[in-house]
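Here are my notes for someone opening this structure for the first time. Have it on screen while you read, and go through the points in order.

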Amino acid sequence: MDHALREFAEKGYGLSSINTICETGGISKGVLYHYFKDKDEVYLTCIGECFDSLTAYLNGHAVPAGSDVQSCLSAYFDYRLVFFRENPLYQRLFFEAVISPPPHLSAAIGECKAAFDDLNHRVFNTMLGHVKLRKGLKKEEVIEIFRQYQDFINATTPAEDMVLHEKRCRRAVGVLLYGVIAREEEGQI
């Protein structure tokens, strides 16, 4: 699996090769195919490992209860950056999975990252629980808007620039939050 992880991280799904994975891992294709149906299944196993590890890491580095929104937001993205600095192969898999997944595997990748998506939802739900939203807005609507922002950021950020990606995500959430939080001054929109 380490050799498969490296192959997919370095070359992406499209350019990776089961032959190379087997050669570098010192195993026969027969052994690999005994455990995995095909290249897709090997790739999805690596993607699942990436998202499971990231989600476990973020769950283990929860922001202390009672943190203000800005501290919570900063800590969340800081922890993500630390994780990817410590796990550069996962960084490349993450980017391919969220920015340019193989189209035929999009639904399966969605299943692999479901726990991560749930974690994001909980983090933003918690952050929004500490603020008063503008009249007429609901937390679920704001979370959905953030998801749409993140999809846009994922589509417009070069896959090799994790720092830029996290900076853009952090900025988008900041703009979103401070654009939807009720203002105390009367008459401001």
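Is K113 buried or exposed?

1. K113 is buried, because its relative accessible area is 17% and buried means under 20% (exposed is over 50%, partly exposed in between; 1.4 Å probe, protein chains only). You'll find K113 in the loop between helix 7 (106–112) and helix 8 (114–128); helices here are DSSP runs of H or I with at least four residues, numbered from the N terminus. Leaving out residues up to four places away in sequence, K113 touches F51 and V98, where contact means heavy atoms within 4.5 Å.

2. A word on what you're looking at: this is a predicted model, in which local features need pLDDT of at least 70 and side-chain atom pairs count only at pLDDT 80 or more, while totals for chains, interfaces and linings use all residues. Residues are numbered from 1 along each chain as its sequence is written, and side-chain values use heavy atoms, with hydrogens and water left out.

3. E7 sits in helix 1 (residues 2–15) and counts as buried, at 5% relative accessibility. Beyond residues up to four places away in sequence, E7 has contacts that include L15, T20 and I21.

4. Now the rings. The whole structure holds 14 aromatic pairs, meaning rings of Phe, Tyr and Trp (its six-membered ring) with centres within 6.5 Å; planes under 30 degrees apart are stacked, over 60 edge-to-face, and the rest tilted. F83 and F84 make an edge-to-face pair, 5.3 Å centre to centre with 75° between the planes, and both are buried. F84 also pairs with F94, this time tilted, at 4.9 Å and 50°.

5. Elsewhere, K39 lies over the face of Y13, at 4.5 Å from the ring centre. The test for this is NZ of Lys or CZ of Arg within 6 Å of the ring centre and within 35 degrees of the ring normal.

6. Last, look at I27. I27 is in the loop between helix 2 (18–25) and helix 3 (29–35), and is partly exposed at 37% relative accessible area.

Technical notes. Helices (H or I, at least four residues) and strands (E, at least two) are DSSP runs, numbered from the N terminus.
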